[in-house]
Amino acid sequence: MIQCEALTKRFGEFTAVDHVSFEVGNGKVFGLLGPNGAGKTTTMRLLSTLLKPTSGTATVAGHDLLREPQKVRASIGVLPEDTGLYDRLTPREHLLYYGRLHRMPEDLLRKRGDELLDIMELKDRANTKVGDFSKGMKQKVALLRAFIHDPPVLLLDEPTGGLDVMSARSIQGFVERFRKEGKAIMISTHNMTEAQKLCDRVAIIDHAKIVAAGTVAELQKRTSQKDLESIFVQLVTE
Amino acid sequence: MNLGRIITIAGKELKDALRDRRTILAMIVIPIIVLPVLMFMPAFLASPERNPVRIAVIQGDSTSDDFLAALASDQIHVVRIGSEENMTKLIQNGDYELGMVLPQNFSRILEGPAQRATITVFVDQSSTRGTIALALVQDAITKYADKIVADRLAKTGLPPEALTPIETDLHSVTVTGTGALFLAILLPLFLGIYAVTGAMYFVMDTTAGEKKRKTLEALLTMPATRTEIVIGKFLIAVLIALLSSVLAIIGMTAGIVVFSGAIGESSTLGLSISVTNLLLIGLATLVLAMTSASLEMVISIFARSFKEAQSFLSPLSIVVVVPAIAMQYMSEQTLRLFAIAPIFNAMIIIRDALLNRASATSATLEFLSAFVYMVIALAVAIKIFNSEKAMVRY
């Protein structure tokens with residue numbers, strides 16, 4: 001579960017995230033939608049403890065962001081905006097490396113690694129260096145890295161950004177699967193169709209502030225628009 | 001701090017580095033192949049033992065045959081040419097290393113009691129082989145002239161000692177051989193250079209490079225602390241710097257054995273080092289590796305980009321030469337003042353161990369100072385790693 005309360009981040013005079021509050025329950029997918037520079041990635045970085053909030057706080061899987069950053073990191077699986085994979089390592093080596101950093105027992109780690117590679121249809125390429133992979137395949141490996149330690153909370157920044165339809169569908173299926181397992185999943189995205197398809201609740205963020213939040217149905221009612229893209233455009237131009 | 005995580009990070013860094021051709025090039029290929037070849041190949045190729053110098057001679061007449069017979073040797077190949085040849089061009093074209101024009105009546109001039117024969121020599125002194133040829137020829141001429149002088153003195157009834165009324169009797173107090181002196185100059189320099197350059201690419205790649213490729217962001221979302229990450233990376237940087245330095249020593253040794261043997265020098269250089277001194281050199285090499293790796297990590301983590309890290313780190317390979325060169329010109333009293341200066345400390349230990357004059361007190365002081373610098377540098381690196389400013393730069 002994620003609970004954000006008036007989360008704020010300033011870089012000098014510039015406010016990147018301004019009193020952002022939201023909640024993501026277990027087994028729910030929460031979408032953070034906004035234009036470039038709205039504050040989506042900064043919010044993700046705050047929740048993954050890469051940045052410290054200027055004010056406000058958040059708890060992730062019951063751990064306070066400021067007081068227990070290491071426990072927060074142990075409870076989250078993060079897919080950053082860039083995949084951040086090592087070109088000279090294979091998918092299996094990536095999973096083993098990050099699993100060991102989470103101090104997973106070796107036999108469990110290897111078993112889970114094989115399972116995940118199988119689910120993502122990467123078993124045949126498990127020992128190929130990721131530098132030779134397509135963008136979609138790299139995204140899959142990065143997603144597996146986020147899931148390797150079976151975290152209760154997932155933070156996914158643009159999970160299908162720039163991917164072809166097949167790769168995007170495969171990743172969306174994966175997210176669905178883990179929602180059913182009861183994970184609290186937060187997605188930052190530009191992709192309105194994806195948000196409409198995956199998210200139980202969405203928040204529109206613009207100029208560092210959340211301008212609207214709710215289920216897609218609630219936002220449709222509020223704006224009298226049918227699809228999420230029109231809702232988004234209306235809310236950020238209001 | 002979790003040791004398991006540090007080992008995990010170090011293991012991954014080592015695996016990644018060993019798959020990187022650029023690190024392999026800097027760590028293995030350059031010290032073990034390029035360095036010895038660059039150091040010893042020119043002397044090997046220029047050596048007259050392997051490749052005798054070619055000397056063109058225009059004789060005034062056959063009276064200089066005796067002199068030419070004395071001149072010719074395994075190292076000097078004499079070729080008689082016609083007087084119509086343009087000697088300057090032959091030398092400039094590289095057909096011969098040296099040219100010589102001998103006057104007419106050469107031996108008859110020398111038979112007289114006080115006459116002097118003039119030999120005209122043509123040589124390109126900007127060429128290494130030319131200067132080698134000149135030294136060999138001058139040596140041969142001096143020997144031949146000494147014989148003539150001895151003959152002339154014999155005719156007057158004077159012994160050869162009449163020309164050298166004072167003799168110098170040199171008592172050398174040097175405790176080590178020339179090989180140790182040679183290495184005392186070269187080894188600190190090369191170990192310093194390889195400690196700095198060996199791990200330089202790895203450090204840049206694992207810090208500024210990770211920022212650039214955005215792999216650091218994923219790593220920082222793991223439960224590992226920044227201290228564990230810095231230490232894991234630092235351990236492999238030290239290992240690579242150390243391996244690079246050790247391979248440089250192997251490369252130098254191989255170079256000395258292969259090339260000096262081929263040019264007729266003793267391949268052992270008359271060197272004998274005690275086990276204690278060898279241990280001291282090993283420890284000092286480790287200290288050099290630790291100092292340079294920690295310094296490089298601070299600079300590279302601080303850099304905003306990979307290119308900035310390159311610009312900051314590249315001058316280090318020149319900077320490290322300064323103490324190695326300065327040591328040769330400083331008096332012992334002045335040098336002791338630098339005993340706790342970074343890089344100087346390790347280089348002084350290496351030099352003193354080679355010259356068999358290392359003392360336990362000064363070595364302890366030098367090692368302690370190096371350890372303090374390393375801890376400070378690592379603390380700064382961890383502080384920068386923890387700094388949000390360093391994070392938001394990428």
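Let me start with A:Ile2, whose bridge partner in β2(A) is A:Val24. This is a predicted model, in which local features need pLDDT of at least 70 and side-chain atom pairs count only at pLDDT 80 or more, while totals for chains, interfaces and linings use all residues. Residues are numbered from 1 along each chain as its sequence is written, and chains are lettered from A and ligands numbered from 1 in the order in which they are written.

Strands β1 (residues 2-11) and β2 (residues 14-24) of chain A pair in the antiparallel sense over seven bridges; pairing requires at least two bridges found by DSSP, and strands are DSSP runs of E with at least two residues, helices runs of H or I with at least four, numbered from the N terminus. Two residues lie between the strands of this hairpin, where A:Gly12 takes a positive phi near 65°.

Turning to the two chains, 20 residues of chain B are in contact with 24 residues of chain A, contact being C-beta atoms, placed from the backbone, within 7 Å. On the side of chain B that touches chain A, α1(B) gives the most, with five residues.

Finally, A:Thr49, in the loop between α1 (40-47) and β4 (55-60) of chain A, has a positive phi of about 65° although it is not a glycine. A:Glu158, which is likewise not a glycine, has a positive phi near 50°, and is found in the loop between β7 (153-157) and α6 (165-180) of chain A.
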